[in-house]
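Have the viewer open as you read.

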Amino acid sequence: MSGEVTVVVITRGRRQELAAALTRLEQLPERPGVVVVDNGSSDGTVAMVRRDFPAVRLLALGTNLGAAGRNAGAALCTTPFVAFCDDDTWWSPGSLDRAASLLRRHPRIAVVTARIVVEPSGATDAISDEMGRSPLPRPPGLPGSPLLSFLAGASVVRRRAFLGCGGFNPLLVIGGEEELLGTDLADAGWDMAYVPDIEVHHRASTQRDPHLRRRQGIRNTLWYTWLRRASRPAAARSISLLAGLPRDRHSARALLEAVGGIGWVAASRREVGADVEAGLRLLDADHARSEARRYVS
């Protein structure tokens, strides 16, 4: 099945971690094709990939598109399925074959999300446990647990569905970018599933700015909420989010950035259908209680 899945890796400024991830991808029994999308690295990443991984298809953007770099990578692929991978994650042997098999057997599934194994402990990530407890009704025959969003660095997508719904919005850059696309996929009639016997390993990079990620996550959640939710649940979710935020300058800056986007959010606002909104309301309480979704840094 190696001809069915291409792995798309986005990276920026993590040359050594990317090299380790690509080495693991080369060792997979599925032997998938790999596309690396470099979001404007300045640490020699591009030269390293060209020198050490000649079989990898490299797209050097020269600028940072964030999560939207995955759109560019998926557009280069010719396989029906695309597995996303970050430079600090890697797929378990056999998982890509299992995901491709599920997607072939279930033509209405757009996304299969894997169980995240936290390294070096080997524990299951709390967000995976949360997805496994999904309160959403399960469509007949759906494998795993039903979802209305997904985790990009741990998912295999149906390329046609992903690109057909526009991929990741470039204005979100990165941080919770999956919610908007997941909602649009569901509104277009696609299913998404969390399947725990498909695995991704994650060893969190030390080269990250947690305060920037928190700011973008808060801003993007507010933007997404008002882009797609009906007014009453959008207001309720916004109030719940704001009540749980740390009272510091990073939260304040996130709110300023969110307010700065009111114009484009209002112009792009489109409420989802009643069935999708009903599912989102079921998830609201889970999200409010979630320890894995707290905006802290």
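Which element gives the largest share of the lining of the second largest pocket? That would be α12, with 3 residues. Helices (H or I, at least four residues) and strands (E, at least two) are DSSP runs, numbered from the N terminus.

Before going on, keep in mind that this is a predicted model, where local features need pLDDT of at least 70 and side-chain atom pairs count only at pLDDT 80 or more, while totals for chains, interfaces and linings use all residues. Residues are numbered from 1 along each chain as its sequence is written, and side-chain values use heavy atoms, with hydrogens and water left out.

Sorted by class, the lining has 11 nonpolar, 2 polar and 2 charged residues. For that count, Ala, Val, Leu, Ile, Met, Phe, Trp, Tyr, Cys and Pro are nonpolar, Asp, Glu, Lys and Arg are charged, and the others, Gly among them, are polar.

Now for the interior. Nonpolar side chains tend to be buried together in soluble globular proteins. In this chain, the largest nonpolar core has 43 residues, and Phe-150, Phe-168 and Leu-185 have the most contacts inside it. Such a core is a set of buried Ala, Val, Leu, Ile, Met, Phe, Trp, Tyr and Cys residues joined through side-chain atoms within 4.5 Å, where buried means under 20% relative accessible area, exposed over 50% and partly exposed in between (1.4 Å probe, protein chains only). Helix α8 (residues 210-228) supplies the largest share of this core, 5 residues. A separate core of 34 residues includes Val-5, Val-36, Val-49 and Ala-114. If you click on Phe-168 and skip neighbours within four places in sequence, its contacts (heavy atoms within 4.5 Å) include Phe-84, Phe-150, Phe-162 and Leu-181.

Helix α4 (residues 95-105) is worth a stop too. Its buried residues are Ser-95, Leu-96, Ala-99, Ala-100, Ser-101, Leu-102 and Leu-103. Among the elements covering them are β1 (5-11), β4 (81-86), β6 (109-118) and β10.

Two single residues make a handy pair to look at. Asp-38 lies in strand β2 (residues 33-38) and is buried, with a relative accessible area of 1%. Beyond four places in sequence, Asp-38 is in contact with residues including Thr-11, Thr-45, Leu-59 and Thr-63. Ala-75, in helix α3 (residues 69-76), is partly exposed at 47%. Leaving out residues up to four places away, Ala-75 touches Arg-159 and Leu-163.

Finally, zoom out. The chain has 12 helices and 10 strands, and buried residues make up 51% of its 297 residues. Of the contacts with a separation of 6 or more, 80% join residues 24 or more positions apart. The C-alpha trace spans about 50 × 45 × 40 Å along its principal axes.
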